[in-house]
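The sequence and structure come first, and the description follows.

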Amino acid sequence: MEQLVNITTRRPMRAVTLTDGAVAKVRELLVSEGDPALALRMAVRPGGCSGFSYEMFFDSDRSDADVVEEFEGVDVLVDRQSVDLLRGSTLDYQDGLMGAGFAINNPNVSRSCGCGNSFS
């Protein structure tokens with residue numbers, strides 16, 4: 001599994017970051033799945049109304065080319081094709097009166113659609 005390095009500082013750099021709320025919710029969902037081999041996979045695929053769309057799902061298939069980030073026992077897998085489009089992104093989970101759900105804050109987005117699932 002490869003680790004990303006900031007070319008300026010030569011320090012390890014995360015492909016994505018999870019907030020405490022996201023870590024807690026992902027952990028809760030993983031426990032309910034009952035398979036300790038599962039990890040959260042985050043990916044970007046061509047499609048959607050703005051050019052790319054996000055994918056998130058639980059996956060037990062790991063590749064040596066995957067970037068693996070660990071957050072308090074929760075593994076996040078990002079494939080090599082998605083790393084550049086997700087680098088610097090933060091996954092958050094909010095549970096409030098207006099609804100609950102995951103949101104990705106991606107600094108690489110130049111344009112997004114109204115649904116929030118597609119971007120360019």
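## Terms and basis

Helices (H or I, at least four residues) and strands (E, at least two) are DSSP runs, numbered from the N terminus. Two strands pair if DSSP finds at least two bridges between them.

The model is predicted: local features need pLDDT of at least 70, side-chain atom pairs count only at pLDDT 80 or more, and totals for chains, interfaces and linings use all residues. Residues are numbered from 1 along each chain as its sequence is written, and side-chain values use heavy atoms, with hydrogens and water left out.

Strands S4 and S5 form a hairpin with two residues between them. In the turn, Glu-72 has a positive phi of about 50°. Strand S4 covers residues 67-71 and is joined to S5 by five bridges, the two running antiparallel. Phe-71 has Val-74 in S5 as its bridge partner.

Strand S2 (residues 39-46) runs parallel to S5, with three bridges between them. Here Arg-41 stands opposite Leu-77 of S5. Four of the five residues of S5 (residues 74-78) are buried, so this strand is largely enclosed by the rest of the structure. Buried means under 20% relative accessible area, exposed over 50%, and partly exposed in between (1.4 Å probe, protein chains only).

Three strands make an open sheet of mixed pairing, in the order S1-S6-S7. S1 and S7 (99-105) are the edge strands, each pairing on one side only. From one strand to the next the twist averages 20°. Axes are lines fitted to C-alpha atoms, for helices over the stretch in contact, and angles run from 0 to 180 degrees between N-to-C directions. S6 and S7 are antiparallel and share seven bridges; Asp-92 stands opposite Ala-103 in S7.

Helix H1 lies across S1, S6 and S7, at about 75° to S6. Its 14 residues (20-33) should span 20 Å at 1.5 Å a residue, and the end C-alpha atoms are 20 Å apart, which agrees. The expected span is 1.5 Å times one less than the number of residues. The buried residues of H1 are Ala-22, Val-23, Lys-25, Val-26 and Leu-30. Just after the helix, Gly-34 takes a positive phi of about 75°.

## Nonpolar core

A nonpolar core is a set of buried Ala, Val, Leu, Ile, Met, Phe, Trp, Tyr and Cys residues joined through side-chain atoms within 4.5 Å. The largest one has 21 residues, of which Val-16, Leu-18, Met-42, Val-76, Val-78 and Leu-86 touch the most other members. Two or more residues come from each of S1 (16-18), H1, S2, S4, S5, helix H2 (80-86) and S6. H1 gives the largest share, four residues.

Contact means heavy atoms within 4.5 Å. Beyond its neighbours within four places in sequence, Val-16 is in contact with Met-42, Glu-69, Phe-71, Val-76, Val-78, Leu-86 and Ser-89.

## Two buried polar residues

Glu-69 lies in S4 and is buried, at a relative accessible area of 9%. Its side chain makes a polar contact of 3.1 Å with that of Arg-14. A polar contact is a pair of N or O atoms within 3.5 Å; within protein, one must be able to donate a hydrogen and the other to accept it, and residues adjacent in sequence count only if both atoms are side-chain atoms.

Ser-89 belongs to S6 (residues 89-96) and is buried, with a relative accessible area of 1%. A polar atom of the Ser-89 side chain lies 2.7 Å from the backbone oxygen of Leu-86. Beyond four places in sequence, the contacts of Ser-89 include Ala-15, Val-16 and Ile-104.
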